Amino acid sequence: NLVCEKISGYYKKIGDNVILKTDYDSLSDFDKIFIAKVFTDTPIDSEILKLPNVVYGGTGFFYDNAKPLPFEIEHSMPDYHLYDDWLKLHDNGGTEFKAYKDYSIGFLTRGCFRHCVFCVNKNYDKVFKHSPLKEFLDTSRKKIYLLDDNFFGYSDWKKLLLELQETQKPFSFRQGLDVKLLNEEKAKILFKSKYDGDFIFAFDDFKDSKIIEEKLILIRKFFTSLDKIKFYVLCGFDRHGLYDKNFWRDDIFHIFARINLLKKYNALPYIMRHKNYLQSPFRGMYITLARYCNMPAVFRAMTFKEFCYCKKNGQSSKNYFESFWKLYPEITNFI
């Protein structure tokens with residue numbers, strides 16, 4: 001949690017003793033307890049929040065109305081050692097905790113102008129400079145992990161991108177990049193970078209198919225590797241709020257249309273299910289599609305139908321598929 005690291009960094013800098021609290025015992029022993037929550041479905045006892053020494057915040061509590069950190073905390077160097085003792089108990093030497101050990105983490109820019117109704121950043125009107133790289137760069141760390149909301153929406157993106165390249169450290173934009181803003185200049189510079197992991201974009205709406213294909217062609221002009229191009233594919237969210245049987249049918253159809261377009265250009269989909277998919281009579285199809293698409297080796301090796309009929313997947317995938325197929329046989333055109 002970057003917020004916890006920034007709070008810890010600030011209070012240690014001014015001379016306070018700070019620990020990472022992993023339980024709710026003996027809270028009255030502390031002058032201040034800070035609780036930062038990123039995700040709305042993270043459980044917490046509401047009685048804890050009523051304690052006089054507790055301060056809490058974050059999108060997990062307030063979603064798009066979360067208050068920012070005080071300026072002096074927001075712009076403090078994160079305490080990258082806050083989780084050291086916790087890691088000793090949990091780290092098994094794999095890649096799961098690499099962000100805690102290998103990365104400098106922060107925002108160069110904040111904000112967006114898309115106003116996507118499902119997004120926590122929907123109240124922003126523009127992209128603006130947030131902090132200089134030196135503010136969160138620990139030169140002893142191997143890599144850089146960027147959380148910018150819409151980096152290419154910032155007018156001076158080129159200066160910042162070249163500054164990242166000058167560090168000679170691998171970096172990545174973990175929230176993804178706005179593919180609609182990609183042009184020849186941006187693509188040429190981006191794909192020459194020492195990039196860490198996948199280049200991540202989004203294909204949230206089937207209606208964007210034409211522009212997404214144009215950008216896929218552009219991407220393949222500058223980056224020909226079969227690996228590392230990934231698109232988040234949002235599903236299960238009705239922008240009109242109807243959630244009727246026509247929406248659920250069309251949404252499944254549109255998922256197939258989008259992943260087929262991505263496959264055409266050797267790009268990987270990553271299915272992002274909005275929590276409202278749980279309302280769908282085709283919940284099983286959403287689950288099966290996520291299982292199929294979110295395993296790159298499987299997605300490349302077989303069709304969706306082959307996946308559903310694979311014995312290793314058990315009977316449920318086959319049943320979900322055949323139930324949908326029986327209702328809407330025209331799905332044959334997509335599988």
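Residues are termed buried under 20% relative accessible area, exposed over 50% and partly exposed in between, with a 1.4 Å probe and protein chains only. The structure is a predicted model, in which local features need pLDDT of at least 70 and side-chain atom pairs count only at pLDDT 80 or more, whereas totals for chains, interfaces and linings use all residues. Residues are numbered from 1 along each chain as its sequence is written, and side-chain values use heavy atoms, with hydrogens and water left out.

Helices (H or I, at least four residues) and strands (E, at least two) are DSSP runs numbered from the N terminus. Two strands are taken to pair if DSSP finds at least two bridges between them. On this basis, 3 strands form an open sheet in the order 8-9-10, with parallel pairing. Strand 8 and strand 10 stand at the edges with a single partner strand each, so one side of each is left without a neighbour in the sheet. Neighbouring strands of the sheet are turned by 30° against each other on average, direction ignored. For such angles, axes are lines fitted to C-alpha atoms, for helices over the stretch in contact, and values run from 0 to 180 degrees between N-to-C directions.

Strand 9 (residues 229-235) is mostly covered, 7 of its 7 residues being buried. In a regular strand the side chains alternate between the two faces of the sheet. In strand 9, Ile229, Phe231, Val233 and Cys235 point one way, while Lys230, Tyr232 and Leu234 point the other way. Strand 9 pairs in the parallel sense with strand 8 (residues 199-202) over 4 bridges, and isoleucine 200 stands opposite lysine 230 of strand 9.

Helix 9 lies across strand 9 and strand 10 and runs at about 175° to strand 9. Helix 10 (residues 283-293) also lies across strand 9 and strand 10, at about 150° to strand 10.

Leucine 234 lies in strand 9 and, at 11% relative accessibility, counts as buried. Contact denotes heavy atoms within 4.5 Å. Not counting residues up to four places away in sequence, leucine 234 touches Phe118, Phe203, Asp204, Arg239, Arg258, Met272 and His274. Leucine 234 and aspartate 251 are 17 residues apart in sequence, with a C-alpha to C-alpha separation of 9.8 Å.

A salt bridge is defined as a side-chain nitrogen of Lys or Arg within 4 Å of a carboxyl oxygen of Asp or Glu. The whole structure contains 18 salt bridges. In one of them, glutamate 74 is joined to lysine 6, the closest N and O atoms being 2.5 Å apart. This pair links distant parts of the chain, with glutamate 74 in helix 3 (residues 71-74) and lysine 6 in helix 1 (residues 2-13), 68 residues apart. Both glutamate 74 and lysine 6 are buried.

A salt bridge also forms between glutamate 184 and lysine 221, whose closest N and O atoms are 2.7 Å apart. Glutamate 184 lies in helix 7 (residues 184-190) and lysine 221 in helix 8, so the pair ties together parts that are 37 residues apart in sequence. Glutamate 184 is partly exposed at 42% relative accessibility, whereas lysine 221 is exposed at 52%. Aspartate 250 and arginine 249 likewise meet in a salt bridge, at 2.9 Å from N to O. Aspartate 250 has 29% relative accessibility and counts as partly exposed; arginine 249 is partly exposed, with a relative accessible area of 23%.

Lysine 215, found in helix 8 (residues 209-222), is buried yet has no salt bridge. For charge, Lys and Arg count as positive and Asp and Glu as negative, while His and the chain ends are not counted. The nearest side chain of opposite charge to lysine 215 is that of glutamate 214, 5.8 Å away. Leaving aside neighbours within four places in sequence, lysine 215 is in contact with Val179, Lys180 and Leu182.
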